[in-house]
Structures are given as C-alpha cells and as structure tokens.
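Dear colleague,

Please find below the structure that I am handing over to you. My notes on it follow the display.

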Amino acid sequence: MGWPMPWALTPPGAFTERFMSLLNLKKLTVGYVNPSGELIPAVNDVSFHLKKGETLGIVGESGCGKSTLARAILGYCRPGSLIMGGEVLFDGEDILQMSLSQLRDLRGQRIAMVPQNPLSSLTYHMKVGPQVDEILRIHRGMDSKAARIHTLELFAGTNLPDPEQIYDRYPHEISGGQRQRVVIAGALACQPVLMVLDEPTTALDTTTEIQVLKLVKDLRKENDMALIYITHDLTLTDYMCENVLVMLDGKVVEQGRVANIFKHPQTDYTKMLIAAIPRVDSKSGADAFLPAAGVPQPLLEVDRLKFRYGQRRSLATIFKPQEEPPAVNNVSFDLEHGETIGLVGESGSGKSTIANIICGLLTPTTGSIIFDSQPINTPAEKRSLDLRRRIQIIFQDPLSSLNPRHRIETVLTRPLKIFFGFKGQAARDRAVELLEAMELLPEHLSRFPRQLSGGQQQRVAIACAFAAKPDLILCDEVTSALDVSVQAHVLELLKVIQEKTGVACVFISHDLGVVKQVANKVIVLQKGVVAEAGPTEDVFAKPTHNYTRLLLAAALRENHDPIHDYLDSSV
Amino acid sequence: MSKKSIISVLTHSPGTTIGVALVAIHLLSALLGPLFIPYGPTELAGPSLLAPGSSGHALGTDVIGRDYLTRLVIGGRTSIFVAMLGALSAVVIGGLIGVSAAYIGGFYDDAIMRIVDTKLSIPGVLFVALCVVGFGRSIPVLTIVIAVNYMPGALRIIRSQALTQVPLDYVKSARLRGESKLAVIIRELCPNVLEVVVVEFALRTSSAILAVSALSFLGLGISPPTPDWGLMVYEGIRQIYIAPWLVLLPAFFISTLVIGLNFATDGLANALGLDAARGLY
Amino acid sequence: MLTTILRRIGLSLLILFLVSVLVFLSTEVLPGDALDVFLTADDLVTMEPEQIEALRRDFGLDKPAIWRFFQWLSGAVVGDFGVTFIDETPVSEVIWEPLLNSLLLGLVITIIAVPVALAIGSTTGYYRGRKPDAVVSSLAIIGYSIPDFVIGTLLIIFFAVWIPLFPALILVFADASVWELLKVSIMPAVTVIIGHVAHLSRLLRAGFIEAMNCEFIERARLSGVPEKRIVFRHALPAAVIPSLNSVALFIAGLLNGLIVIEKVFGYPGLGLQLIEAVDKREVHVVQAITFLGAVLVIGMNLLADLSIIILDPRVRSHKNE
C-alpha cells in the first residue's frame, strides 16, 4: 500500500475509499476478439467497490459480461480476450499490473473463485480430496499428511457426509451438490478475504441449491469474508447479498443496496427484471378450470401409468436382477379440452418421461392413456397421421429443437405439408400468419435458426407446434433455457394463442412460479410418484404434502424447518 | 454458404492459400494439360536420357526416349482421377451408411460397425494386395479397391458426427411427424454432417493419392505404359546415378500436390472448427 | 470393470475371426481356386489336366470351402499356414525370419518415434497459435505429405549417391544377425520416422490442445496452481487417453509404411516377402501375412482400449455400458 496523500490534496471520500475498500474496480474494460477480428468489449467501463466483509450480487442475463467480470477480478482472461483498460485495486494494489507469480499467490489464497459447473471444473482423473490438498500444499506449504487432515476438516465444515469416504472418490462418483461443496471447501482452504461465486447453483436442483446457498451464507459469516455472487436470478441476490449491481451488455445499469433496488428500481431494465420474476406467492395466475358444457369426456385420461427404463441384461444381472425404481410410478390424471395442467418436480421426477410417453416417443410399461376416447399406448410410428397431428410437443432447448440447416420457412411449412397438404405459396402464407401470431416478422422465414435469438427460436418452435392445429400441446420446460425477460414474453404469447385456439396443455417445469401463472391445476411429482395434485391455487397456498412444502419454501428462498430435515436425510 | 464465406475459408491463413493454389494448379494441369503437351505420352520422341533443358524436351527424356514433360503433365491424371473418384464414392456411400447406422442403431448398427472394425484391422496396402492378387490391376478395379479401402474409415467418422445429432430434439420432432426413416436420414441428418463429409473427402483424397502412387511404385497399381508419377519414380531408380531427374521430378509433383491438399484441408478444417488431425490410414 | 474388459477382449476375438473369414473369402470369390491363381497361362498349357487335378488334391483344394476354412484357421492360430505352391515349404518357415526382421525394424522406429512425437506434439500444442507452433506444424504437414517411397528414394540419392555414406541397396539376407540388421535399418527407419512422426505429432497435438481447453484447467489456474503442475499433473493425463488411440493408429500405419520402405531399400522383412508373394501369386503366403498384420492391428487396438478402460476413472466405475 502506498503512502497516504496529504489531506488537503485528497478528494473528499477518497481516503475512506482507499483505506476501507477491499476491492475497488475503476473503469474496467475487457474485450474479446470476434470472428471478424474486431475487439468487442464484454465488460465496459465497470466501476464499483467492496468493503471487507461486504456482500455484492452481480445480476444480469446471459451475455451481459458478468462471468468475464468475475474472472477479471482475479486478473484472468480467457484465451481470445484481453483487458483493455481500468484498474482492479485489491487492498490497494492493482491486480492488473501484477506479475504472474504475484497472481498465483493471490488466486486461491486471498481471492478464491467458485465456478459454475463442478463436474467440469474438477479434474476428472484426480480424486476429489487431493484436489483440495493441492491448494493447501501450494499456498500453505503443507505436506501431504497435514494437507489431508486439513482437507477432511474442510469437508466436514461444508457439511459433506462422511468426509473420509468422499476424499477418495472421483468427481463423477459423487452428487452435484457434494461436488459443489468440494469446490467450496477448496475455495475456503486458505481463508480468503474475498470469494467470488459464478452462478454456483445453476446446475443444481432447487432443493440442493437452497442447501448450498445456506451453507455459503453461514460460512461467509463464520469467516467474515467479502462475497461477490454472480447470478441471473434477482431473488437469489435478495437472499444472499446486501448490495447488488445490475449489468446489461457489459455496462453497469444500476447499483445499490438490494432492499432499495427492489423497492425503488431506477432504470427501466431493472424494473423489467423485477416485474418478470414469476412469483409463487403472487396473486395473479391461472384459476381452476371449468370444462366446457356439453363435452362429456376429458380429452386425456392417464390411468396408473408406469414406466421403467429398459434393463441391460448382462451376466451380472441374470443372477441378481437389479430392481431399478420405475421412472414413472402409478401416475393418473385427467385433462379437459382447453385446460392446462402443470407437472412440477425436480430432475428425475419423471415429468419429461410422462410427456414422452403421451406423444409416443416412449411406450408405457403398464397403465393406459386414453385420448379422446382412443387408447394411445402405442409408439408414434404406429399412430395414425391424424393422431400424430393432434398431439404436439415443444422441447426445452431451442437450439436443438430446430434443424440448424433448415430455414425457418422449411421448418414451418413441413408440418403444414404433411398434415394438411399445403404447398407453395399457400404454405408460405400460412407460415407468415403463424410467425405473426408469435410476433415475428415475415422476413424471418428466410433465416436460419442460428441467426435468431433464443427467445425467437423458441417462438418458432411454438409456431411450428401450433401449425398442426393440435388438440393437446406438451410443453417440456419450454422457458427454462430462456432469460427471465424473454421468458415472460414467451409465456404471454403462449397464453394468448392457447386461449384463441382452445388447446389443452400439459406444462412441465421445475419453476413453480411459472407453473402458477399458466396452469389451472398442478401435479407435484417426486421420483416418479404423485406427491400431491389439485387446483394450482389450492396446492400452492395450502400444500398438504411435505415435499410440496419443501419445493415452495425453496422457491421462496425461505428458511423452513422441513428443509433442514430434508438436508439431513439426503445428499 | 455464401461466396464471401467460401473465399474467406479458402484464404484462412497463408498456409491455406498456398495449399489451395497448389491444388488448383495441379487440377488445371491435369484437366487442360493434354491440350498443351508437345508430344504423346508414350511416343518415342527423342534420344534416351536427355537432360532437362535440352532443345525440344524442356524436361528431358526418359530411358526409352519419351518426352518427360509430357509424361509428367499426364502422369497425374490417372492417379488424381482414381483417387478422387474413389474417395468420393467412399465418403458418399460410407457417409450414407454411417448416418443410417447412427439413426437406426440396434443390430444393424452393431453389424455395420463389426464390418468396419474388421476392415480397419487390415492395413491398406495389405488389403489392396489381396484384391490385386484376386482381381487384377485395371483402372476400374483400382478405383473400386480405393473406394472400398477408405469407406469404413469415412463411415466411422461420419457416423460419430451423426451420433451427436441423433439425440437432438429436431430429430425427435421429425420422428413424431411421421417422417420415414429415409426422410429423416436424408432431410434432417445429412445436411448436418456435411462439414465433416467435406473434410473427410479432402483427407481421403490426399491419402488415396499417396496410396495410388505407392501402389504404382510397388507394381500393384497403375500398369505401364500409362504414365504415373509413382511408376515413374520406380522406373527412374535404376538410373539414379546418371539421371536423377527421372526420380526427382515426379517425386516433386506428387509431393507438391499432396502438400497443397493437406495444407488446404488443414485450413478448411480449422475454419470449420473441426479437428483435421485424424487418422489418414 | 471386469465385464467390460472381457467384453472388449471378446470383441477383438470376434473381429479376428471375421478378418480370417475375409482373408479366406478373398480367394474364394474368384472363379477357380488358389491353385488356378498360382498357375500361369504357360502352366495350363504344359500340364496335363490330371497333373493339375493331382496337385489340387495334394493341396487339399478339392475339399469344400468350409472344411478348408476351418482347417486353415485352426492352423493359423498355432502358426501353421499351409505350404507354398512352388516347393511345398511350410509357409511358417518362409515368413519366420522376415517377420522377426520387420518386428525389429518396427520396434526401432516405434521406440524413437513415439517419444519424439509426444514431445513435439505437446510442445506445439502448448504454444498453440504462436510462431514456433506455426512453423513446426507446417513442417509436419510437409513431412507427412511427401510419400514414404519418395523420402526413401531421396535419402538414397543424398546419402548413397552423392555422399556415399550408406549402401543404396541392402544386400542382407533374411537370416542376418541382429547387429547387421540394425546397421542397415538406419535409413529405412529414418525414412519412416520422418513421415509418421510428423503425422503422430499432429494427432498428439490435437489431443493435448483438447486437454488444455478443459474447464478444470481454468479452475486450477484460478486457484493459483503453477503452470508446470497444471501441465503435468492435470493436462497430460487427460491427454493420454486420446493419445493411446493415436498411437494404435500410428502402429497400424507403420505396417503400410514398412511394406513400401522394405521394397525401396530391399530390407529383408515381411513387407518385401509380401510383395514377392503377390508377384509369384503364392496365395497362402499372402493370406498368412495379411492375417498376421491384422493380428497386430487388432492387438494394438485392444491394448489401447484396455488401457483406457483401466486408466479412465469415468469408465472404470461405469456399471452398465
């Protein structure tokens, strides 16, 4: 640290800033070279400061530069990018001017980072324990025995069950939540004064997420660390941090205390972000559905559906048949014409499997599905053209649902041709109608999917599904891959077109807030079994099953006792 | 792909540009050469073993007295033709089978992959030796043998690429629309393996050219008196002490063609984001 | 893991069986049989049909194909490949010494080539994109683009004609001693090494680059792990697995190279033997050499795959495939 300047020459506040700040970013700009060879700033003129022990959330949607910013704080840029200007003052020293050996000292020891995906950020060919040992041995000079003891202590500190056993495991042998705790243990190893977490829970289930977040909060308090928490989720910021910084396209759009931002957002973008969050406890949402008069039968009747994935028969299983639990276990529900039912649950709950069975990609092991009085236990190949037309499915990942080599025109006119025999100009006109219903332009017809944004691609996928004039639409996590702002727009459009056409919908999501908005009734699935079912409002307001309560609490980011019981029994 | 992007791909780096230029020169000379040569390729045009630079024979004559310039210009035609046609058949047929194996899966895929593994266990030259012993050395036979030789390798690589596409949602959507298996393979999958196919074709062509010249050198390939660079190298070895150009000139021609092809392919693969460093055998 | 290993070995045996079927079939699809291939037009004129028939019975060629196949196969697995047509010498005797000679040459090449390619590949991969990489990569491309026989012939011109350092033609016989063989193997070895090291180093480079691009390398850097340790402890083991496949590919390619090079230099190996056999239409010899070549390739691929199964922890704990 340099000598303080004479008081008279110091601008007001600078003294406090300099001496009280732990981290001080000044006009940081990081750029990357795009395929045409131009230097595009990913982080543009960003400034903020952080005091010791403070928490800051950096919020933004995909592409806003937050990950680049996170890495720049440690003085790191990915190959293909470079630091174009600014300062990163840590404890008075500019990180950007440090030598490589100084940086190596700093990283992992005084500033630590927890990256997004623990499966790919842990070295797959090394056991998990030695990877934490490594950090201790490099920075603290411990020998292997001492490092091991210390690592086991760290594991215990992050609530890992049976640290001794986990120490000797490989990353792919433990669960996602356990992996992330290992990474967190590694980050804490040298008691850094600042921890940067880059979307650490995006790859985890909701319930695991809440455990890890609570852990980080507790550890932060214990060690009195400053925290920078990067996420796309504003509500998480609310839960984790005191201060927040909102980023858009590399620039800081708004910053301040979280409570203030939520109550009085200053910029339109922040206002939009806040408004777009689907809240589980919001007043609005879909009501219970009343079947249209005169229609006796429900459109879809699922009765005691059961599905087990095929067992590989090998020498090992012939003598000891392994009983794998069914992916879908005794699920029953009805769906009226025009009604929307939500299927909620975490990964592995079987919700996608149910959708796949209904549309014919899989055949049920036992149980029946009746669609408009016809049994449809058959795979899609064996169904009639008309039946295939009437049930449509929209998938989660817009990138993989459209053929990258087909123009939008081809994508839309194909179902028109197959199901209705539309050709040539008639098909094109109808395609334009569909695009316009999704608020897209006729000129999009000649584009390729990669030339559209994620939201636009998903709208095309929806248009494609509705092109067939179906009676039932299966939405499999259709908004989960989209940014919050885009999500709201897509859901709106979906709602409008559904109301206009009277199509029934099975809406699958892990996000209860979204389900609340669109579904008349809901089924909560836990590992293939129905935990609870009923009208959405009732189930969410007064849940009767423990698991439902758990999901709701996690969605609301609350500290509920059921969570702690759940924590002790799993992961 | 637009014209502009094709040009930018071809001039991706200095190495690529040089490669493309070399290939272009060779192709032009193979196609248009016969219009400009001074003599016939098997014509006894002058005294034997004239050094290059002699009057009437810019690149000298060979042991029997045939003009070397003529032979060199013509010498590439047969190998390039056999290699390109063979590689094209290998990649197209192998590619179609590979994509179908990736999509259809099951026993069909297993069977095809066992056949592929079997063929790949036999080194190329050995395989050709077997075929030549059995079927002779005519041009059609050589082309078919080259095609069959490279088909399994191309099949395997294109199948790998297709496998990355098969689990994607757009393929599921096509199935749900009721598209026939053939329609899915041709309309949905094939366009998405095109990049790999093009790079494979380039790689196999360069391997095939090397293979054909090596075979001709060994006496298992193109038979005299058709001029072929590999054959010409073999014929020239006996005169190495007195007429080294008989060996050096055809060697230079083969090398520049393959070098050009490989530099161009490397640049092409880099521009497309693919890994060009794969097995050439 | 044991089941995976056994399954993989079983697969290799299946492939070997299919290869032998293929090798055997290659002579069956022709009109006539192996003897007809061997006999020249002259023989057909000078010999009486009864003589030809007698020869046929001698060689057991009048028995049905399936019988002959299994007889051949049962012999092949113990090294008995039948006899030559010309003087009924056991094929195994004919190919034994050349086999050893080729193995020696191949061993010399592999011992030098693999470490060199590894060093070049990982260094150019690490310095990817910068000047040394660009230069070395270009040299490598040139190296594997020039045909083996051209390199060999050029080496002969340079080192035997202009600078009389080595003999141009190897006049060593198949039963020469190891020392003599080593002396004459220098030029052929260098020829093969130039081209094949160039190619292998490119493959290894690609594998190394892939390893260095892994996310865990970034995490290690962000934790302050020194570069050297990152390369050797984190990246290199990740590069080993794709590299094993590349080395297996390299050895398969060696077989191709050896055949050509032995002809160029006259090295008394199996490749030379093969060409002679093709010339003289000794079908049994060609079959035997092809079979052995396939055994080597299948064996190498098996070793590579087994190493991966044993070394890669992700494969090791996979319960079902």
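How many bridges join strand 13 of chain A to strand 19 of chain A? There are four, and the two strands run parallel. Strands here are DSSP runs of E with at least two residues, helices are DSSP runs of H or I with at least four residues, and both are numbered from the N terminus. Two strands pair if DSSP finds at least two bridges between them.

Before I go further, please note that this is a predicted model, in which local features need pLDDT of at least 70 and side-chain atom pairs count only at pLDDT 80 or more, while totals for chains, interfaces and linings use all residues. Residues are numbered from 1 along each chain as its sequence is written, and chains are lettered from A and ligands numbered from 1 in the order in which they are written.

Chain A

Chain A has 571 residues, of which 45% count as buried. A residue is called buried if 20 or more other C-beta atoms lie within 10 Å of its own, exposed if 12 or fewer do, and partly exposed in between, with C-beta atoms placed from the backbone. The chain holds 24 helices and 20 strands. Among its contacts with a separation of 6 or more, 68% are between residues 24 or more positions apart; a contact requires that the C-beta atoms of two residues, placed from the backbone, lie within 7 Å.

Strand 13 of chain A is mostly covered, as five of its five residues are buried. In a regular strand the side chains alternate between the two faces of the sheet. Here T340(A), G342(A) and V344(A) point one way, while I341(A) and L343(A) point the other way. On the side of strand 19 (residues 521–526) of chain A, L343(A) has I523(A) as its bridge partner. Strand 13 of chain A is also joined to strand 18 (residues 504–509) of chain A, by five bridges and in parallel, and there I341(A) is partnered by V506(A).

Where the chains meet

Between chains B and C, 40 residues of chain B are in contact with 47 residues of chain C. On the chain B side, helix 11 of chain B gives the most, with nine residues. That side has 27 nonpolar, nine polar and four charged residues. For these classes, Ala, Val, Leu, Ile, Met, Phe, Trp, Tyr, Cys and Pro count as nonpolar, Asp, Glu, Lys and Arg as charged, and the others, Gly among them, as polar.

The contact between chains A and C takes 28 residues from chain A and 17 residues from chain C. Helix 5 of chain A gives the most to the chain A side, with four residues. The residues of that side divide into eleven nonpolar, eleven polar and six charged.

One residue of chain C

A248(C) is found in helix 11 (residues 227–265) of chain C. This residue is buried, with 21 other C-beta atoms within 10 Å. Leaving aside residues up to four places away in sequence, A248(C) touches M300(C), N301(C) and A304(C).

With kind regards
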